[in-house]
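Visitor: Could you show me how to read a structure like this one? I am new to it.

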Amino acid sequence: MGALAQMTLVCDRCSARFEPAGSPGRCQCGGLLHVEFPLAEVVERTNFDVRLSSWQALDRSGVWRYRELLPPLPAAAIVTRPEGNTALYQHPQLTDWTGCEELFLKHEGENPTGSFKDRGMTVAISHARTIGAQAVACASTGNTAASVAAYAALAGLPSVVFLPAGKIAAGKLGQAIAYGARIVQVEGDFDAAMRLVEEASRELGLYLLNSVNPFRLEGQKTIVFELLHQLGWSVPDWIVLPGGNLGNTAAFGAALAQLRDVGWLERLPRLAVIQAAGAAPFYAAYRSGFREFRPVTAETIATAIRIGNPVSYERARRAIELTDGLVDTVSDEEILEAKARVDRTGIGCEPASAASVAGVRKLVARGVIRPGDRVVAILTGHVLKDPDAVLAYHLGDPPRPLANRPVTIAPTLDALAGVLARAL
Ligand SMILES: Cc1ncc(COP(=O)(O)O)c(C=O)c1O
Ligand SMILES: N[C@@H](CCOP(=O)(O)O)C(=O)O
């Protein structure tokens, strides 16, 4: 049987079923689609250990290593760099600062283009190749665009990225330009760009690579697979992640449900989604007991999560309900301080990522994360993604608590000795 014949796209809302033969957009009812596929009959977790010492491309990818848990795409269509294999860090300074004794940081900024998006992109672009897509597209606050541009170039496909004009961090815009995407700057915010690209994909035949595409979420499930593998399949008490378009939250819920169904989890970890206070429609919905959801006009320094109408809202709600999870917010100041702390340890991350660490600190202070809880916080993007945020923090006035200002000196040993006497 061909790979496509083994998969069906099913609407989350009305259960309508579709062939996965085109760009997987929404169902006519407006619902999002998920992929149904038969699980490989016998999956031994020891397979994954064996693959860690292999040089074979699919085994080396922290996505395709878990291929029995993913849609069965033909190996010849797969585009991989490879993704994943991201570290789990522990650092005493962050333990002290957050008050969380057993805090792990899973650094998804260590993916090939510097964000978690690559895990979803390898699967979605491989599906695009499988069905013979001619051109791919996304709307983006920057990281999806960088990932789309890179993977499309590797796949030999043209790409178009729709960006909110003037709101993209320099590192991300530079990547999309360098990798050769056609850049369309939309006058408006991310949500306007997202509406436009969904329409363009329906009307103009572009293959859509945002997280409405269920193959993206399939790849992003492997963040959870890999972190559990790294922890010897022992379940942490909490997984804390930033929330924007909510694709990751949806993917984490799906991954946990899948692992529970195959019998690998003795219990579920609780998901804690942290939003920037100025871009927090999911938090507002959570506070209403998920009785109502209202899009907002978003504003935050963490441009990656400057999103007011997240496409995966319904799925993310189900993920919170499944895991007895919670949603909270942190201010831009809290994000910037958490980022400076993570950066100062030498680990580093972009602003949106630091929301998860700021969130851990807040939840510990409130007694929600309790002493002895084991917590994995997801760092979603690399420190180099947003150099302007680093410079604004360290060079801005008035000086911030961890500001590290460069000094300029005359080229003499005396001048240098003066600086060293103050610095060391
Ligand atoms: C660095 C970074 N962190 C977090 C997010 C939020 O992830 P999600 O949209 O899956 O909620 C994004 C993008 O949305 C991002 O680029
Ligand atoms: N932060 C995202 C926003 C788009 O999210 P997606 O997961 O739906 O592609 C970005 O980097 O563009």
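Guide: UniProt, in an unreviewed entry, places the feature "domain: Tryptophan synthase beta chain-like PALP" at residues 80–381. UniProt positions follow the numbering used here, feature names are shortened, and annotations may be inferred rather than shown by experiment. This is a predicted model, where local features need pLDDT of at least 70 and side-chain atom pairs count only at pLDDT 80 or more, while totals for chains, interfaces and linings use all residues. Residues are numbered from 1 along each chain as its sequence is written, chains are lettered from A and ligands numbered from 1 in the order in which they are written, and side-chain values use heavy atoms, without hydrogens and water.

Visitor: Where is serine 140 found?

Guide: Helices (H or I, at least four residues) and strands (E, at least two) are DSSP runs, numbered from the N terminus. Serine 140 sits in the loop between strand S6 (136–139) and helix H5 (143–155).

Visitor: Is serine 140 buried or exposed?

Guide: Buried means under 20% relative accessible area, exposed over 50%, partly exposed in between (1.4 Å probe, protein chains only). Serine 140 counts as buried because its relative accessibility is 1%.

Visitor: How many residues does the largest nonpolar core have?

Guide: In soluble globular proteins, nonpolar side chains tend to be buried together. A nonpolar core is a set of buried Ala, Val, Leu, Ile, Met, Phe, Trp, Tyr and Cys residues joined through side-chain atoms within 4.5 Å. The largest one has 74 residues, and Ile125, Val136 and Phe282 have the most contacts inside it. H5 gives the most to this core, with seven residues.

Visitor: Which residues come nearest to ligand 2?

Guide: A residue is near a molecule if one of its heavy atoms lies within 4 Å of it. Of the 13 residues around ligand 2, the nearest are Ser140, Thr141, Thr144, Ser211 and Arg216. A polar side-chain atom of asparagine 210 lies 2.9 Å from an oxygen atom of ligand 2, and a backbone N or O atom of alanine 304 lies 3.0 Å from a nitrogen atom of ligand 2.

Key. A polar contact is a pair of N or O atoms within 3.5 Å; within protein, one must be able to donate a hydrogen and the other to accept it, and residues adjacent in sequence count only if both atoms are side-chain atoms.
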